[in-house]
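Here are a few exercises to work through with the model open beside you. Try each task before you read its solution.

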Amino acid sequence: MEKRFRHRRPRSRLSRVIVPRLSQHRFYGHGLPGVDPDKLVGKLIVVEGADGSGRSTQIVQLVDWLEGSGHATVQVGLKRSTLVSEELEQAKQGNILSHRTLSLFYATDFADQLENTILPAMKAGRMVLADRYIYTLMARDMARGIDAAWIKNIYGIALVPDVVFYLSVTAETLVERNISKNAKLDYWESGMDLGLSRDIFESFMKYQSQIQTIFRKLQRTYKFSTLDGERSVAQVQKEMREKVSRVLSGSQPV
Amino acid sequence: MDKTFAELGYPGRLIAVEGLDGSGKSTQIYLLKRWMEWQGLKVFFSEWNSSDLVKSATSKGKKRELLTPTTFSLIHATDFADRYERQLVPLLRAGYVVLCDRYIFTAFARDTVRGCPMEWVRGIYNFAALPDLVFFFKADLHVSLNRILEGRPMLKYFEAGMDLGLSADPYESFRIFQGRILEQYLSMSTEFDFLVVNANEPIEAQQNTVRELIANKLELSRYVTHTVTPSARKAPSTKTWKKDSDIEDHEAA
């Protein structure tokens, strides 16, 4: 066990960079026209969790460690495509799109990053770190009553990641972390568009626990590696690195 | 969805026209709209790829040639969903006759020619009800090609199907691309009960066919507006109508 982590903290003296084992990649559904999953030699590492679950902090540290260990990385996340990110932001601000439209807009954003960033990086043998992936999009849609089969069909284009971390944090902790960071709760993360309550705090609590229930359901199908996000940053990071190491050495994480 | 708006109990009716660029379908739907307005019917015209919110992203993607078959498909679906839920459905609930210049079949044909799996594309659009009537304007391939190629020699990248790498020559690429789309349309014709109109005939003859079919299939008196004003009768609005709409529509390709 201990041996595997020797490359965790590069020493000042020459440390050997470990060449990751190849893993078989596949798509959830039809995939994309003309893409051969066997050519995707990099790894796809996904971190899921609500705002305030510690996603970004963990990703920053994971990138530091990976790059220090000699692996090239690329980061993606929701709403970061060249194609529609600005328009999506505008649409969210105005809040006049139907949920289905917004859902397709997000799917466009995802597909653009998948084809133009994720897949090329993986072909080039990079480690792709995704700050949220299709699961958040699916969960949000499902919370809004959109048919799961419809969403599943759309995301048949998505690549199955090498590992998906789900940072599980209680709604109470999320509230605290969001308020101490932004001094307020976000409209969308509180699910205010759902009309669960006119009180944003109450809406946040209800919405986040709904999302957690949906994630537990998705967990069965998509096999997330659920991490207890209530622990310290360092503890969570340690567990993530252990699991990523196992991905790099070619054995599947638990 | 495999039900029409009538089957779903909507008071309104949706009539769609489909066909290749240059088949003359936009002219026919325009004349249809004028005829209905003249009779004082509640009629509304809606065009493919015209939702304001999505337009900016679509045109950016097209200008910079950023679109892949998948994003091309998804961005048009986004546009359609927006128009469907905020425009078409409310109008159909309000008892309008909605005339659609292109409907989901355009996506079925184009996206599959671009290489997207048919089940995937159909799955995306399965929230939409089927039109109550679909007219397919079937012109000989060379007739529609000539109409477009004579009128406007500058072909845009996506409309010529250049993204498919069929040919380095835009005209040749356009010919092959349109030919494949025609095949797709023909293969859907029976499944979706297309009312096939011979688009090689004179404009007036086609319009007769269309009007007769509609008069037989719809009880038009049910859609008479209660709020008709004398000015609306005299001069139907031409504001949203562009004369060269075949070319406009063609840009949307």
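**Exercise 1. List the residues that Val128(A) touches, leaving out residues up to four places away in sequence, and find where Val128(A) sits in the largest nonpolar core.**

Step 1: take a contact as two residues whose C-beta atoms, placed from the backbone, lie within 7 Å. On that basis Val128(A) touches Gly42(A), Leu44(A), Ile45(A), Val74(A), Val76(A), Ile118(A), Ala121(A) and Met122(A).

Step 2: go to the core, meaning a set of buried Ala, Val, Leu, Ile, Met, Phe, Trp, Tyr and Cys residues joined through C-beta atoms within 7 Å. The largest one has 121 residues, and Val128(A) and Ile118(A) have the most contacts inside it. Helix α3 (residues 99-123) of chain A gives this core its largest share, 12 residues.

Before moving on, some ground rules. This is a predicted model, where local features need pLDDT of at least 70 and side-chain atom pairs count only at pLDDT 80 or more, while totals for chains, interfaces and linings use all residues. Residues are numbered from 1 along each chain as its sequence is written, with chains lettered from A and ligands numbered from 1 in the order in which they are written.

**Exercise 2. Is Arg21(A) buried or exposed, and why?**

Step 1: count neighbours. Buried needs 20 or more other C-beta atoms within 10 Å of a residue's own, exposed means 12 or fewer, and partly exposed is in between, with C-beta atoms placed from the backbone. Arg21(A) is exposed because it has 11 other C-beta atoms within 10 Å.

Step 2: see what is around. Arg21(A) touches Ser249(A) and Gly250(A), not counting residues up to four places away in sequence. Gly42(A) is 21 residues from Arg21(A) in sequence and 9.5 Å away, C-alpha to C-alpha.

**Exercise 3. Work out the strand order of the five-stranded open sheet in chain B.**

Step 1: Chain B then has 10 helices and five strands.

Step 2: call two strands paired if DSSP finds at least two bridges between them. The order comes out as β2-β3-β1-β4-β5 (chain B), with parallel pairing. At the edges, β2 (43-47) and β5 (195-198) of chain B each pair on one side only.

Step 3: zoom in on one pair. β2(B) and strand β3 (residues 97-101) of chain B share five bridges in the parallel sense, and Glu47(B) stands opposite Asp101(B) in β3(B).

**Exercise 4. Describe the side of chain B that touches chain A.**

Step 1: count. Each chain, A and B, puts 25 residues into the contact.

Step 2: assign elements. α2 (52-63), α3 (69-93) and α5 (118-124) of chain B each supply at least two residues, and α3(B) brings the largest share, 11 residues.

Definitions and conventions. Helices (H or I, at least four residues) and strands (E, at least two) are DSSP runs, numbered from the N terminus.
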